[in-house]
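Please open the structure in your viewer and keep the selection panel at hand. The stops below proceed from the whole chain to single residues.

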Amino acid sequence: MEQKKQKQSTKKVILLIAALIIAAAAMFGIYKVFMPQGQAGEKEITVTVVHADESSKDFTFQTEEAYLGAVLKAEKLVEGTDGEFGMFITSVDGEKADETKEQWWCITKGGESLNTSADQTPIEDGDQFELTLTEGY
């Protein structure tokens, strides 16, 4: 009788784990279907870099890339490290973020914060992005 209860308990745990795996796979599939897609074809974008001293510099790029990260890397405007959420930008236009000061590069589009990394940010013709050195996590 004790052994029968143990087998039932093990079956429940296995079914729960299987259900969680299926749910995670479904969520990933939904994300892939509905994630923002970049526009195909030739386009022009502008990237404004705002440095720590609050000076700014505009860069205009002609590209056929679909995502911001690919443009920034190809134009050698940024350096960064790849992580599970895409590229983490560590340096822009020669200015490196200082981790001891809790500095990081914030990406905005038309002044609005983005919830995606540069690698996952789709671009369209005429887009304007800002890379601002920000202090404090």
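What share of the contacts in the protein with a separation of 6 or more comes from residues 24 or more positions apart? In this predicted model, such residues account for 55% of those contacts.

**The whole chain.** Begin with a cartoon view and colour by secondary structure. Next, display the surface: the accessible area is about 9,600 Å², and carbon and sulfur atoms contribute 55% of it. Of the 137 residues, 28% count as buried.

Now select residues 78-83, 86-92 and 95-96, which are β3, β4 and β5 respectively. These three strands form an open sheet in the order β3-β4-β5, with antiparallel pairing. Strands β3 and β5 stand at the edges with a single partner strand each, so one side of each has no neighbour in the sheet. Between β3 and β4, look for six bridges. Select D82 as well, and across from it find M87 in β4.

**Residue Q103.** Move on to strand β6, residues 103-109, where Q103 is located. Is Q103 buried or exposed? Its relative accessible area is 9%, under the 20% cut-off, so Q103 counts as buried. Show the side chains of Q103 and E135: a polar contact of 3.3 Å joins them. Finally, leaving aside residues up to four places away in sequence, select what Q103 touches: K96, A97, D98, L133, T134, E135 and Y137.

Methods. Residues numbered from 1 in each chain as written. Predicted model: local features only at pLDDT ≥ 70, side-chain atom pairs only at ≥ 80, totals over all residues. Heavy atoms only, no water. Buried < 20%, exposed > 50% of the residue type's maximum accessible area, 1.4 Å probe, protein only. Contact = heavy atoms within 4.5 Å. Areas by Shrake-Rupley, 256 points an atom, 1.4 Å probe, with all protein chains shown as cover. Helix = DSSP H or I, 4+ residues; strand = E, 2+ residues; numbered from the N terminus. Polar contact = N/O pair within 3.5 Å; in protein donor to acceptor, adjacent residues only side chain to side chain. Pairing = 2+ DSSP bridges.
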